[in-house]
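The exercises below ask you to work from atoms to geometry, one step at a time. Please have the sequence and the model open, and try each task before reading its solution.

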Amino acid sequence: MATYTYEHTPDHGAKAGVLAYLATSAAVLLLMMVFGLLMRLEQAQWISIGADRFYELMTLHGAGMVGIAAIAGASVMWHFLRQYVDLSSRIFIANLVLFLAGVVMILGSVLIGHFHGAWTFLFPLPGKSMGMWSPGAAALFMGGLLVIGVGFLLLHLDIARAIVARYGNFARALGWPQLFGHDDGKAPPPTVVASAMVTIVNVIGLVVGASILTMMLVNLYVPGFDIDPLLAKGMIYFFGHIFINATIYMAVIAVYEILPRYTQRPWKSNKVFLASWTASTLMVMFIFPHHLLMDFAFPKWMLVMGHVIGYLNTVPILVVTGYGALMIVYRSGIRWDMASKLLFLSLFGWAAGAMPAFIDGTITVNYVMHNTLWVPGHFHTYLLLGMVTMVFGFMYYLGKPDHEADDRLLDRIAFWLFTSSVLGFTLSFLYSGKESVARRYAAHLPEWVPYDRIGAVFAMLVIASSLLFIVRFFSRIGLARHDYQRAPVARAATA
Amino acid sequence: MTAIAPDRARIRFCALGALYLLLAAPPVRSWLEATMSGHMLVQIPLLAAIGFAACRLLVAHHQERLLAIAGGPIPLVVVALFASSWWMLPRALDDALAHPLVEVAKFVSLPALVGVPLALAWRRLGIIGRGFVWTNFISMLAVLGWLYLAAPQRLCNSYLVDQQESAGWLMVKLALLLFAAWLGHLFVGGPPVGNPRAVHGP
Ligand code: HEM
Ligand SMILES: [Cu+2]
């Protein structure tokens with residue numbers, strides 16, 4: 001057995017680029033949350049903006065949230081990966097610039113061109129708007145996605161370059177010599193393993209996504225170039241599912257890097273850890289058909305694959321990470337502050353969010369739950385209480401005034417408010433799903449409205465608490481740049 | 001990069017020249033141009049590859065000088081991109097078959113405007129630049145192949161629809177293969193490393 005000891009590494013402040021990523025994410029996150037609230041209020045029949053507006057907001061909310069989740073995740077990954085490999089700041093910034101350019105295109109397409117074919121741009125909807133939007137608007141939307149994709153492709157190519165320069169190749173970066181051979185304890189740190197995995201899957205996903213986007217752009221103007229809708233759907237889900245899943249695999253690096261600093265215990269890249277990441281590298285690419293279980297036209301083997309892998313992939317990284325975190329924290333005398341609490345909470349949120357997906361990945365359940373609000377219930381849990389919470393934890397960590405600083409009462413209240421209101425918000429989705437309320441409906445039946453109202457109230461509380469987190473981050477953004485110890489030393493370590 | 005001994009370089013240069021003449025010889029030419037796949041996926045890439053390989057045989061400082069004259073790697077990549085895209089168009093193929101002058105232009109421009117510029121730029125492109133050229137090329141190949149498959153009618157006057165379809169499939173398959181190979185190469189090779197934990201650390 002290899003032994004692992006905690007090596008203290010100095011705590012680096014964030015580069016300006018990382019802060020620019022985080023500031024962008026925070027601002028867009030708040031705006032998109034407000035759009036989400038507006039959707040919920042419309043369904044609750046407390047406001048009436050009309051169905052077209054609803055779907056415009058839904059399109060912006062979906063694309064915007066997925067985009068900033070990727071931007072925020074990338075900032076976490078880049079910040080910590082830089083300790084181990086030489087990354088290019090210029091490419092990092094170029095990605096943000098391309099992202100913003102893409103966002104402008106998407107905003108123009110939706111707000112001016114009234115495109116509202118959802119962020120999943122399912123073929124042939126963008127080209128068949130029945131006069132609701134022009135081909136130009138659809139092209140602008142898909143072009144915006146394409147520009148954003150090119151930015152991320154560049155970023156991942158740079159990460160691939162840096163990893164290969166440092167570790168020789170990806171097999172070593174994923175720790176295969178230690179996984180398949182003797183574990184000499186010299187496997188790369190968790191951050192490198194996770195970044196390698198994300199890079200592989202995202203490069204593949206982005207190339208597939210770019211291909212279908214290009215084909216659909218051609219089809220938009222020359223409809224004679226026919227696309228098989230089933231193939232298009234498969235490719236879009238392949239790309240979309242990988243891209244959104246990768247955001248949490250990037251953000252979890254904050255947990256791997258920050259929690260050990262609180263307890264002076266190392267996060268081990270042992271065989272089990274390495275095996276889980278290697279397994280998920282493959283599985284995350286073949287899991288998407290679990291969304292297509294009711295699409296009888298898909299080849300049967302794909303659905304079987306989606307079902308099986310949907311079950312299997314719930315387990316490895318999540319369980320290994322959850323168990324790892326418990327081991328780091330258990331009897332460590334950890335001193336809880338906003339950062340460590342949020343990071344710990346995020347693992348719970350991730351697990352809680354994966355469960356509904358697991359359930360819905362069962363075909364007999366899927367008969368009932370398919371395309372109900374159960375699905376938004378599932379992904380809002382793991383994205384809000386998992387992914388976004390990791391990012392909030394990272395923000396609090398960067399802005400912590402010094403390692404002995406105590407949290408303000410207001411922040412502590414906001415923490416519990418956030419936790420409970422996100423749970424309330426997502427449970428209202430899940431419960432509606434159980435009651436067979438369809439997702440993506442602007443107008444709801446009278447008997448659904450009570451759940452929508454409960455959900456809308458909780459959504460306001462989610463926004464209020466997030467606003468406090470974000471204001472706190474911006475007020476401390478000057479501190480985030482400096483190098484100093486942020487994590488309080490655990491009591492067990494001082495004793 | 002190690003320089004190649006001058007006499008070895010001369011032999012290789014002659015071999016490339018012979019290959020070029022072979023491709024230009026009427027029987028081989030009409031044989032390759034008889035099918036769309038042969039034309040697009042064998043003859044054209046080989047012509048570009050000859051230019052690429054020949055340029056790499058030049059003495060290093062000559063290559064540097066050419067690179068400096070051209071203004072660095074980026075303009076060269078752009079030239080190569082446009083020239084190669086041109087010869088991917090169906091009507092360019094038609095023209096080459098119909099007009100001897102276009103055929104000559106093809107035989108000159110593919111080595112000179114695609115192969116040579118790429119070879120010159122290649123030395124300066126880091127893994128990012130090369131990765132970008134590769135991913136761009138592979139996705140272009142895949143999308144173009146797919147377009148050929150999806151096209152509602154015949155795109156070339158000189159080739160029938162079944163030709164178009166088999167060329168399309170070949171392009172898609174080739175793209176998949178190249179992409180898999182590119183990914184695979186990330187997993188092998190590279191020097192062994194020392195302590196993999198902190199670099200910037202104490
Ligand atoms: C206060 C916070 C939020 C509120 C109030 C909210 C609200 C909503 C609503 C009402 C919908 C439409 C549900 C339906 O189908 O009827 C939705 C969809 C969605 N939300 Fe959120 N959301 C919030 C946060 C987030 C976050 C943090 C993310 C991701 C990081 C996210 C990603 C998405 C996505 C991807 C969709 C799917 C859009 C589609 O079906 O095309 N949301 N959200
Ligand atoms: Cu899924």
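**Exercise 1.** Identify which polar side-chain and backbone atoms approach ligand 1, and at what distances.

*Solution.* Begin with the oxygen atoms of ligand 1: a polar side-chain atom of A:Arg439 lies 2.9 Å from one, and a backbone N or O atom of A:Arg440 lies 2.6 Å from an oxygen atom of the ligand. Turn next to nitrogen, where an N or O atom in the side chain of A:His61 is 2.8 Å from a nitrogen atom of ligand 1. A polar contact here is a pair of N or O atoms within 3.5 Å; within protein, one must be able to donate a hydrogen and the other to accept it, and residues adjacent in sequence count only if both atoms are side-chain atoms.

The model is predicted, so local features need pLDDT of at least 70 and side-chain atom pairs count only at pLDDT 80 or more, whereas totals for chains, interfaces and linings use all residues. Residues are numbered from 1 along each chain as its sequence is written, chains are lettered from A and ligands numbered from 1 in the order in which they are written, and side-chain values use heavy atoms, with hydrogens and water left out.

**Exercise 2.** Determine which residues coordinate the iron atom of ligand 1, and what geometry the site has.

*Solution.* Take as donors the N, O and S atoms within 2.8 Å of the metal (3.2 Å for Na, K and Ca); water is not among the atoms, so sites may look incomplete. A:His61 and A:His380 coordinate the iron atom, each named with NE2, at 2.0 Å. The pair links distant parts of the chain, since A:His61 sits in helix H2 of chain A and A:His380 in helix H15 of chain A, 319 residues apart. Finally, A:His61 is buried at a relative accessible area of 14% and A:His380 is buried at 16%, where buried means under 20% (exposed is over 50%, partly exposed in between; 1.4 Å probe, protein chains only).

**Exercise 3.** Describe the composition of the shell around ligand 1.

*Solution.* The shell divides into 17 nonpolar, four polar and three charged residues. By element, H1(A) supplies the largest share, six residues.

Terms used
Helix = DSSP H or I, 4+ residues; strand = E, 2+ residues; numbered from the N terminus. Nonpolar A, V, L, I, M, F, W, Y, C, P; charged D, E, K, R; others polar. Tetrahedral: all angles 85-135°; square planar, octahedral: opposite > 155°, others 65-115°.
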